[in-house]
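Hi,

Here is the structure I promised to pass on.

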Amino acid sequence: MSFYVYNSYGKTREEFIPIKENHVGLYTCGPTVYNYAHIGNLRTYIFEDTLKKSFEYLKYDVKHVMNITDVGHLQSDADTGEDKMELGAKRENKTVWEIAKYYEDAFFDDCQKLNIKRPTIVCKATDHIAEMIELVQVLERKGYTYIADGNVYFEIDKFPDYNKLANLSMEELEAGSRVEVDENKKNPLDFVLWFTNSKFKNQIMQWDSPWGRGFPGWHLECSAMSIKYLGEKIDIHCGGIDHIPVHHTNEIAQSEAALGHKWVNYWMHGEFLVVDGGKMSKSSGDFLTLTRIVEEGFKPIVYRYFCLQSRYRKQLMFSYDALSDAGQSLKKLKNKIALIKDAVTENETVNSKKLDAFKISFGEQISDDLNMPNAFTVLNDVLKNDELNPLEKITLAEDFDRVFSLDLLKEEVVDISGIDEKLVNELLDERNDARNRKDWAKADEIRDRLNELNIEIVDSKEGASWKLKD
Ligand SMILES: [Zn+2]
């Protein structure tokens, strides 16, 4: 079965042709571990996890490499702003190493809750300083670098295809780098490969290099580590769409300049999660985390389901209402499957030939640049198909869930110990207030939220109370 992907490089839908038959070398840009991941970032990791599992479903052997950025990433993706790791350390009065460890653990904790499988190789920037220095040396030998005020820069005018991925004019690309002008740059789009003399004189993470003690520029790590673990030619490189104009553009320039040939065959980018300002008033702080969503009463897996309801290349509008709808819909789906599971009888058998047709239609949808909404349609068609017996339906649901990863066959466990009674009582009071001022929409919204928490409201003359749903 052909697998079609949308290649950001060239902006076309293409048939995926692997470098090595039945193998996929996949590199995905990982988190900068100075703070929690935003749910928008997590959407990208869910997309990449789905991509990997779709290839695996179709019997490809996927080698997935992801980096952990624990050094060198400044506030802007270009060379301006404060150092993110130092910023995190200052904010929390910890060392940069403690910050890195803490947020790396928090990141993988989020991934686990979202059923995101750990990459084959997870590599940290600080463990690969030697490889990065070596890459800069190659670029220096080939004449792509210059030194100004102690820093080593990549000279983009020496790389003619610089703007090919972003497909923007040089003026448009430059717009992002005008905020803080670095007088040392020959072209405002040149970027730092190695910092020795910078405004971060007290940088704690420093290493010796041929150019003096310092630290690498952010983009360097992805080139150095992807080449180390996946070789000089890579099938697919992924990331968030915001990485296109600076980070991935710079990765391509330095990698192809060093290697002397095309580096990555397919670039795939996840679109933004858009947060509707008005409805987000409940959120505190600047960004939403998975923990925050859980505090609002949602299961992490509901967020995964919510993301899978739209295509990765489309912007997705986040709101608690939309998440609540997704929660209801997932619950309905799981209930439907649970009922079918209960109906399985002992002497039922599976006609695997019959199942193959459904597996093929499912495969066709996921290999159509991850058409997950259509993949769910295939599942729903299976569940209501009269020609399949309950065991066959369950077998297919389990099979498709290797890609969805929604624990579709797991029974919901109703456990009172998991209920936050304080939160439930607060919500109930809030609902009473809403009813008193005849704000029925609000009252209904709170009832739905409680519903999501498996709580049923019991209205009586004495007022409202709650119980666990049967
Ligand atoms: Zn990267």
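**The zinc site**

The arrangement around the zinc ion is irregular, because its four donor atoms subtend angles of 73 to 127°. For a tetrahedral label, all angles would have to lie between 85 and 135 degrees. Keep in mind that this is a predicted model.

Which atoms coordinate the zinc ion? They are SG of Cys29, SG of Cys222, NE2 of His247 and an OE of Glu251, at 2.1 to 2.4 Å. Along the sequence, the donor residues follow the spacing C-x192-C-x24-H-x3-E. Cysteine 222 sits in helix 6 (residues 220-230) and histidine 247 in helix 7 (residues 244-259); the two are 25 residues apart, and the pair links distant parts of the chain. Buried or exposed? Cysteine 222 has 1% relative accessibility, so it counts as buried. Histidine 247 comes out at 0%, so it counts as buried too.

**Two parallel strands**

Strand 10 (residues 234-240) and strand 11 run parallel, joined by six bridges. Glycine 240 stands opposite glycine 270 in strand 11. Strand 11 itself covers residues 264-270 and is mostly covered, with six of its seven residues buried.

**Lysine 52**

Lysine 52 belongs to helix 1 (residues 39-57), and its relative accessibility is 3%, so it counts as buried. What does lysine 52 contact, leaving aside its neighbours within four places in sequence? The list is Leu26, Val62, His64, Lys117, Arg118 and Pro119.

**Helix 13**

Helix 13 has 15 residues (390-404), and at 1.5 Å a residue it should span 21 Å; its end C-alpha atoms are 20 Å apart, so the two values agree. After the helix comes serine 405, whose phi is positive, near 55°.

Buried residues of helix 13 include Ile394, Leu396, Phe400, Val403 and Phe404, but also Glu392, Lys393, Asp399 and Asp401. What do the buried residues of helix 13 pack against? Their partners are helix 1, helix 9 (300-308), helix 10 (320-342), helix 11 (352-366) and helix 12 (372-383).

Cheers

Definitions and conventions: Residues are numbered from 1 along each chain as its sequence is written. This is a predicted model: local features need pLDDT of at least 70, side-chain atom pairs count only at pLDDT 80 or more; totals for chains, interfaces and linings use all residues. Side-chain values use heavy atoms; hydrogens and water are left out. Helices (H or I, at least four residues) and strands (E, at least two) are DSSP runs, numbered from the N terminus. Buried means under 20% relative accessible area, exposed over 50%, partly exposed in between (1.4 Å probe, protein chains only). Contact means heavy atoms within 4.5 Å. The expected span of a helix is 1.5 Å times one less than its number of residues. Donors are N, O and S atoms within 2.8 Å of the metal (3.2 Å for Na, K and Ca); water is not among the atoms, so sites may look incomplete. Four donors count as tetrahedral if all angles lie between 85 and 135 degrees; four count as square planar and six as octahedral if opposite donors are over 155 degrees apart and all others between 65 and 115; anything else is irregular. Two strands pair if DSSP finds at least two bridges between them.
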